[in-house]
Amino acid sequence: MGWIIPHGVSTFTPEIDRLYYIILVITGIAFVLVEIGLIYFSFKYRAQPGRKAHYIHGNVTAEVIWTAVTAVTVVIIGIMSVPVWNKVKGRNSVPAGALAYNVTAKQFEWNVGYPGPDGQLNTADDFKVRNQLHVPVNRDVVLEATAEDVIHSFFVPAFRLKQDVVPGMRMRIWFRATEPGPYEIACAELCGLGHYKMRAFVTVHTQEEYDQWLAERAAQAQSEAQPSAVASR
Amino acid sequence: MATTAAVVDHATHAHADDRSFIRKYIFSTDHKIIGIQFGLMSLVFLALGGTLAMMIRWQLGFPGKPMPLGSLLPETMAAGGIMLPEFYVALVTMHGTIMVFFAIMPLLMGLFGNFLIPLKIGAPDMAFPRINMASFWIAVSAGVLMMAGFFVEGGHAGAGWTGYAPLSARPDLSGVSLGQELWCLSLIILGLASILGATNYITTVINMRAPGMTWFRLPLSIWALFIASILVLLAIPILSGAAIMLLFDQTIGTNFFNPATGGQPLLWQHLFWYFGHPEVYILILPAMGFVSDVLACGSRKPVFGYHSMIYAIISIGFLGWIVWGHHMFQSGMNPTLGMTFTISTLLIAVPSAIKVFNWMGTMWRGSIHFTTPVLHAVGFVAMFTIGGLSGVFMSSTPVDIYIHDTYFIVAHLHYVLFGGSLFGLFAAITFWYPKMFGRMMNEFWGKVHFWLTMVFYNAVFWPMHDIGVHGHMRRIYDPSQYDFLKPLAPVNTFISISAFLLFATQGIFALNFIISWFKGEKAGRNPWKDTGLEWSTPSPAPHGNFEKTPTVYNAPYEFSVPGMAEDYLPQDQKADQSRAPAGAGH
Amino acid sequence: MANATMMGPPAETQPATGVYNGKVGMWIFLGSEVMFFTALIGSYIILRFAHPEQWATPGQALNIPVTAVNTFLLICSSVTMVKAFAAIQDGDQKGLRMWLVATVLIGATFVSVQVYEYVHLAHLGLLPSGYREGSDLANAAASGVAWKAGPALPAAVGLYGTTFYTMTGFHGFHVTMGVLCMAFVTWKAFNGKYTVADHRGVEVIGLYWHFVDLVWIILFTIVYLM
């Protein structure tokens with residue numbers, strides 16, 4: 001509690017958390033200096049009988065110093081942010097060979113489209129699971145996300161990952177989970193009266209578990225979809 | 001319609017005041033009365049917006065429990081006293097909308113823009129007194145329309161105060177039709193009032209300064225109001241345009257934001273934030289100006305770095321136009337643009353920091369009289385600093401990925417808008433109250449109000465940083481839905497109880513405000529021994545303001561000038577006239 | 001004197017810029033108007049770049065000759081406005097009234113032609129939402145054949161209809177407001193309220209009128225000709 005960022009489980013975590021703590025230290029120092037300064041000045045220079053304020057209009061040196069120090073500090077923060085941002089969301093940030101899934105957001109659920117046994121997305125053997133994203137650990141994963149109705153935002157706090165999903169646009173969201181386990185997916189953009197319950201899960205498996213799960217679900221989907229699939233083709 | 005006829009052939013008299021009650025207090029063209037009208041309207045909306053916040057806090061602190069008095073609400077809002085999700089999103093939307101557009105903005109611009117500009121520049125009234133009056137009544141009608149939304153079928157707008165399309169454009173998806181249309185219409189009409197007001201203020205400052213009132217003798221409050229007026233003038237029409245497009249999308253089937261026919265949802269966000277970020281500075285710049293005035297007077301010292309304060313105001317006003325994208329880092333906007341907006345956003349920290357350091361410099365080696373307005377002004381600096389520093393987190397795009405749309409943002413914006421704007425407003429209201437009503441507000445209760453507000457305010461908003469860092473999303477009706485938010489429930493309860501206490505504390509201010517109006521100690525012309533022109537005229541100032549047009553000889557903050565008997569030199573007093581005999585041979 | 005209190009500074013003060021308040025105020029207000037039309041035109045540009053295929057070839061759906069004549073009329077009204085201002089500067093009351101009446105009439109004509117154009121287009125099948133179902137335009141677009149000596153019409157014109165009606169509509173609204181204010185100024189001119197020394201109302205409404213005229217030239221170019 002208290003400004004400590006919770007444990008995270010993706011490759012983005014260390015870098016984003018590090019940046020967060022660097023900014024926390026920098027702003028923390030500024031915060032302490034200003035607030036202590038204000039309290040100290042309030043006591044030291046409070047009106048007392050016989051005290052007269054000094055007739056001072058400013059001090060160019062002091063102003064140049066604090067302008068320059070602030071400017072340099074913020075530029076450094078900006079420069080440190082660039083590579084991390086590029087890694088997570090840059091134009092060509094999605095690693096080659098990432099496992100791909102389709103994610104379709106609609107009021108108020110996340111539908112995940114999985115590649116079937118052929119390992120290819122957008123083929124006939126794809127299957128869909130509602131509100132369940134299953135991925136293998138330590139593999140690059142990319143979500144091809146769209147929204148059907150309004151803007152939603154794909155948010156996995158444990159991955160430090162958030163991306164708005166806009167109807168009419170295709171978003172490529174990538175990550176690499178580092179620890180197996182179930183984590184919650186939330187919608188972070190107000191999307192209607194059911195916004196608060198637009199909750200889903202991402203389950204990070206070991207590779208073996210994942211392969212097993214995928215095979216089971218694919219077979220299950222195959223048997224369920226068989227009659228209709230034949231009829232429609 | 002005797003009143004309209006009376007208004008039409010109205011001519012400005014400087015002294016004779018034989019106007020009827022209606023022309024003097026209702027359809028008045030006197031900038032001071034219009035300012036006070038704006039003030040009273042906004043204070044009512046402030047209380048209303050606060051009430052909505054209390055309901056939000058009840059739901060978050062005690063999810064699923066029946067609200068006290070909740071059974072008085074109709075079934076469409078709360079079932080058996082338990083708030084419904086659709087009412088919750090309407091509350092969130094309207095709390096933001098009312099506070100930004102109908103409380104803080106009209107308090108800063110409507111009340112103080114009107115009240116202070118002519119008085120402080122030595123003008124008898126605004127450049128266009130009747131347009132000024134029209135501006136107020138247009139704003140009132142916008143407020144009535146906005147309130148009407150609560151009573152229509154389908155409930156009030158529920159797409160957030162940012163009204164993101166397509167949710168706001170699609171009644172079938174939001175469940176709200178007329179409410180959202182009223183929301184658009186009201187903002188369009190309020191926009192007209194704001195633009196008329198801004199035109200008036202800018203013209204007045206440019207054209208009606210008293211002889212000797214050069215640009216670099218203007219008090220910082222006027223500089224801030226002037227720059228904020230320019231921002232209003234240029235930003236509000238963008239909002240009007242966007243709201244018109246949204247209204248058309250809802251009503252006549254246009255396709256601006258409809259993705260099915262090629263419309264662009266992100267276009268709304270670009271338009272909204274292109275307006276919205278200058279709007280943020282409209283909401284803080286005037287407060288910064290008021291605080292500068294109050295701190296200088298309270299410290300009995302000239303403002304430290306007066307010129308750099310002005311350049312800081314101007315550069316904040318300018319930079320405000322090129323940072324809108326930082327609201328959209330996670331929106332799917334071109335990521336390369338993210339970089340540009342990071343840099344411009346971080347740069348805005350520089351003029352903000354200059355201002356904070358200069359305020360501290362103003363206190364340094366001063367002789368600070370901690371009256372209620374000065375307490376609020378120091379409180380402003382302390383709280384605005386926190387809001388400014390927490391902004392650095394989200395300007396860093398990678399950190400923003402995590403904290404965007406969480407309570408960290410809620411904490412940040414309230415530190416700027418409540419800790420900043422509202423503390424600035426408390427300072428300004430208590431400082432200029434004697435000039436408005438001719439009486440002082442009660443100092444004791446003023447101080448009680450300040451300290452309780454300071455304590456409860458921080459108890460409400462400081463922990464929000466913490467739950468934000470734990471990923472708590474904004475605008476969530478029921479956080480107990482999520483496992484990772486469950487441990488935060490006690491914090492939410494703590495915040496809610498603090499919020500109720502904070503709200504109750506404002507009752508002290510309201511009572512002090514009302515009772516002082518009738519029973520307050522009579523104020524003289526210049527109760528704070530300040531240097532501004534407004535203090536050279538009686539309290540309350542008469543219609544026409546000044547007995548004779550003042551001539552300005554001095555910079556705005558000539559306090560504690562060496563060799564003078566008094567520790568302040570009013571702007572309209574020649575230095576040698578007030579020099580004490582002892583200092584004559586100096 | 002009513003005019004002086006409406007636009008002029010209250011007694012005693014000397015405008016710091018040497019320009020009277022009404023004129024300064026109108027220039028400032030026009031700054032706001034520029035931003036309003038910037039929002040509309042900016043949105044138009046963004047939508048058109050995103051979906052150029054929704055735009056019909058110029059002259060196919062919209063009647064350029066009729067609107068060109070209308071544009072010429074509006075430019076003429078700026079000339080008559082200048083004439084009115086010049087007349088009162090010379091103290092020519094008769095000229096002032098005549099040219100103001102001409103300006104009001106031309107402005108009203110412009111709006112009327114625009115209303116006629118809307119009715120005609122709606123009949124033909126272009127609505128703010130796109131094609132009207134079952135209309136001539138919708139049928140022609142669906143059949144994919146050449147239309148009016150041009151290529152085939154776009155399959156969908158949702159954004160085209162949206163931006164056309166919004167942009168021209170808001171300009172038309174501004175012209176209408178201008179005509180109403182101009183009619184008020186004309187009424188005052190007939191009551192002899194303007195003099196050689198003080199004719200601020202005429203100048204201020206003239207500024208607005210020229211602005212609206214200028215905006216139309218831009219809109220005509222990008223909406224009709226491009």
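The model is predicted. Chain B and chain A bury about 7,900 Å² between them, whereas domain 1 and domain 2 of chain A bury about 620 Å² between them. In chain B, N554(B) is buried and lies in a loop between two helices.

**Extent of the interface between chain B and chain A**

- Chain B contributes 95 residues to the contact, and chain A contributes 82 residues.
- Carbon and sulfur atoms give 71% of the area of about 7,900 Å² that is buried between the two chains.
- Three residues, R365(B), I401(B) and Y402(B), supply 9% of the area that chain B buries against chain A, which is more than any other three residues supply.

- R199(A) and D483(B) form a salt bridge in which the closest N and O atoms are 3.0 Å apart.

**Make-up of the chain B side**

- Two or more residues on the side of chain B that touches chain A come from each of these elements of chain B: α4 (85-121), α9 (265-299), α10 (306-319), α11 (335-347), α12 (349-363), α13 (372-395), α14 (397-403) and α16 (443-469).
- The largest share of this side is that of α12(B), with nine residues.
- By residue class, the side of chain B that touches chain A comprises 57 nonpolar, 26 polar and twelve charged residues.

**Domains of chain A**

- Chain A is assigned domain 1 (12-89) and domain 2 (99-232).
- The C-alpha centres of domain 1 and domain 2 of chain A are 43 Å apart.
- In the contact between these domains of chain A, seven residues of domain 1 meet eight residues of domain 2.
- Of the area of about 620 Å² buried between the two domains of chain A, 52% is on carbon and sulfur atoms.
- F12(A), T13(A) and K89(A) together supply 65% of the area that domain 1 of chain A buries against domain 2 of chain A, more than any other three residues.

**Pairs and elements at the domain interface of chain A**

- One salt bridge is found across the interface of domain 1 and domain 2 of chain A.
- R160(A) forms a salt bridge with D17(A), and their closest N and O atoms are 2.7 Å apart.
- On the side of domain 1 of chain A that touches domain 2 of chain A, α1 (12-44) and α2 (60-89) of chain A each supply at least two residues.
- The largest share of that side, four residues, belongs to α1(A).
- The residues on that side of domain 1 of chain A are three nonpolar, one polar and three charged.

- N554(B) is located in the loop between α17 (489-519) and α18 (575-578) of chain B.
- N554(B) counts as buried because its relative accessible area is 9%, under the 20% cut-off.
- A polar atom of the side chain of N554(B) lies 2.7 Å from the backbone oxygen of Q573(B).
- Leaving aside residues up to four places away in sequence, N554(B) touches R217(B), L569(B), P570(B), Q571(B) and Q573(B).

How values were computed
Residues numbered from 1 in each chain as written. Chains lettered and ligands numbered in written order. Predicted model: local features only at pLDDT ≥ 70, side-chain atom pairs only at ≥ 80, totals over all residues. Heavy atoms only, no water. Contact = heavy atoms within 4.5 Å. Buried area = accessible area lost by both parts, 1.4 Å probe. Salt bridge = Lys/Arg side-chain N within 4 Å of Asp/Glu carboxyl O. Nonpolar A, V, L, I, M, F, W, Y, C, P; charged D, E, K, R; others polar. Domains from an automatic or database assignment. Buried < 20%, exposed > 50% of the residue type's maximum accessible area, 1.4 Å probe, protein only. Polar contact = N/O pair within 3.5 Å; in protein donor to acceptor, adjacent residues only side chain to side chain.
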